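Welcome! Please take a moment to turn the model around on your screen before reading on, and keep it open as you work through the points below.

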Amino acid sequence: MGAGPTGAGSPRPVARVVVADDQTVVREGIVMLLGLLPGIEVVGSARDGEEALRLVAEHAPDVVLMDLRMPRCDGVEATRRIRAEHPGTQVVVLTTYADDDSLFPALQAGARGYLTKDADADEIVRAVAHVMSGDAGLSPQIQRRLLDRLATAAPEAGALQAAASETAAPEGPRELPDGLTAREAEVLALVADGLSNAEIAGGLHVSTATVKTHINNLFAKTGVRDRAQAVRYAYRHGIAKPPEAAGG
């Protein structure tokens, strides 16, 4: 029979936590703080996403407190891989950034909590407890941003779909040239439509780093050297329509 979560003196399951942050002083400070908090045991600390993945595989923690902007493997990609490969481990983002370009890609990657680094000890404990119990661990300001974004998400998605349908070839599913994936072709069509990396990232709800990765991959596969060549490639292979064709 489990004890109530808020009763005085009631036992509380210990959360086994990995901390991932590329800044040594920040990482060590978080580890020290967590060591003073009830119900938390730090089982490892990582300097980047790759090390976080290794520690998760080694220790199977309950929660990873994940910074976002790290070398080698950033927090969004590390979160995506942790959730895919180790579904028993939850991720709470702990970052300096609360902008939409950081927040929404992290949540899409599978993070169940999101705190900024000005969060106090109680907020961290509460977020860890919430994600362990299956709830979301979002600070009030993040909840407000999420609700504001959801209120405008449908119009944005409709505009992006309209842009993609105007630039994409009308044919049904077909084999793409040079081994392009469907997502790479979608990004290429939006590049041909004149969208910037930031606009593509916002419309697809991914990070700008992810968009850059798709663009680098499609450049390598197609042999183009710049966006102008990529646009001509898209027109030539029917991935996008030239403006005169699109206008009828």
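Helices here are DSSP runs of H or I with at least four residues, numbered from the N terminus. With that in hand, you can find helix 7, which is followed by G194, a residue whose phi is positive, near 90°. Keep in mind that this is a predicted model.

**The whole chain**

- The protein chain holds 11 helices and 6 strands.
- It has 248 residues, and 41% of them count as buried.
- Its accessible surface comes to about 12,700 Å², and carbon and sulfur atoms make up 53% of that.
- Among contacts with a separation of 6 or more, 63% join residues 24 or more positions apart.

- How many of the residues of helix 7 are buried? The count is 8 of 11, so this helix is mostly covered.
- The buried residues of helix 7 are E184, A185, V187, L188, A189, L190, V191 and A192.
- Helix 7 packs against helix 10 (residues 227–236) at an angle of about 110°, and their axes are 9 Å apart.
- That angle makes helix 7 roughly perpendicular to helix 10, because angles of 65 to 115 degrees fall in that class.
- The crossing of helix 7 past helix 10 is left-handed.
- On the helix 7 side, L188, V191 and A192 take part; they meet R227, A230, V231, Y233, A234 and Y235 of helix 10.
- This contact between helix 7 and helix 10 is made up of 8 nonpolar residues and 1 charged residue, with no polar ones.

**Helix 8 against helix 9**

- Helix 8 covers residues 197–204 and helix 9 covers residues 208–222; their axes come within 8 Å and cross at roughly 110°.
- Helix 8 is therefore roughly perpendicular to helix 9.
- Which hand does the crossing of helix 8 past helix 9 have, left or right? It is right-handed.
- From helix 8, the residues N197, A198, I200 and A201 meet T208, V211, K212 and I215 of helix 9.
- The residues of this contact of helix 8 with helix 9 sort into 5 nonpolar, 2 polar and 1 charged.

**Positive phi in the loops**

- A60 is a residue other than glycine, yet its phi is positive, near 45°.
- You will find A60 in the loop that runs between helix 2 (49–59) and strand 3 (63–66).
- D178, also not a glycine, has a positive phi near 55°.
- The loop that holds D178 lies between helix 6 (140–167) and helix 7 (182–192).
- Is D178 buried, partly exposed or exposed? With a relative accessible area of 44%, D178 is partly exposed, because that class lies between 20% and 50%.

- Q90 sits in strand 4 (residues 90–95).
- Its relative accessible area is 13%, so Q90 is buried.
- Setting aside residues up to four places away in sequence, Q90 touches D62, V63, V64, R83, R112 and V131.
- D67 belongs to the loop between strand 3 and helix 3 (75–85).
- D67 also counts as buried, at 4% relative accessibility.
- Which residues does D67 contact, apart from its neighbours within four places in sequence? They are A20, D21, D22, G75, L94, T95 and K117.

**V26, a partly exposed residue**

- V26 is part of helix 1 (residues 24–35).
- V26 has 26% relative accessibility, so V26 counts as partly exposed.
- Beyond its neighbours within four places in sequence, V26 is in contact with D21 and K117.
- V26 and K117 are 91 residues apart along the chain, while 9.5 Å separates their C-alpha atoms.

Key:
Residues numbered from 1 in each chain as written. Predicted model: local features only at pLDDT ≥ 70, side-chain atom pairs only at ≥ 80, totals over all residues. Heavy atoms only, no water. Helix = DSSP H or I, 4+ residues; strand = E, 2+ residues; numbered from the N terminus. Buried < 20%, exposed > 50% of the residue type's maximum accessible area, 1.4 Å probe, protein only. Contact = heavy atoms within 4.5 Å. Areas by Shrake-Rupley, 256 points an atom, 1.4 Å probe, with all protein chains shown as cover. Axes fitted to C-alpha atoms, helices over the stretch in contact; angles between N-to-C directions. Parallel < 35°, antiparallel > 145°, perpendicular 65-115°, else oblique. Left-handed = near helix turned anticlockwise from the far one by under 90°. Nonpolar A, V, L, I, M, F, W, Y, C, P; charged D, E, K, R; others polar.
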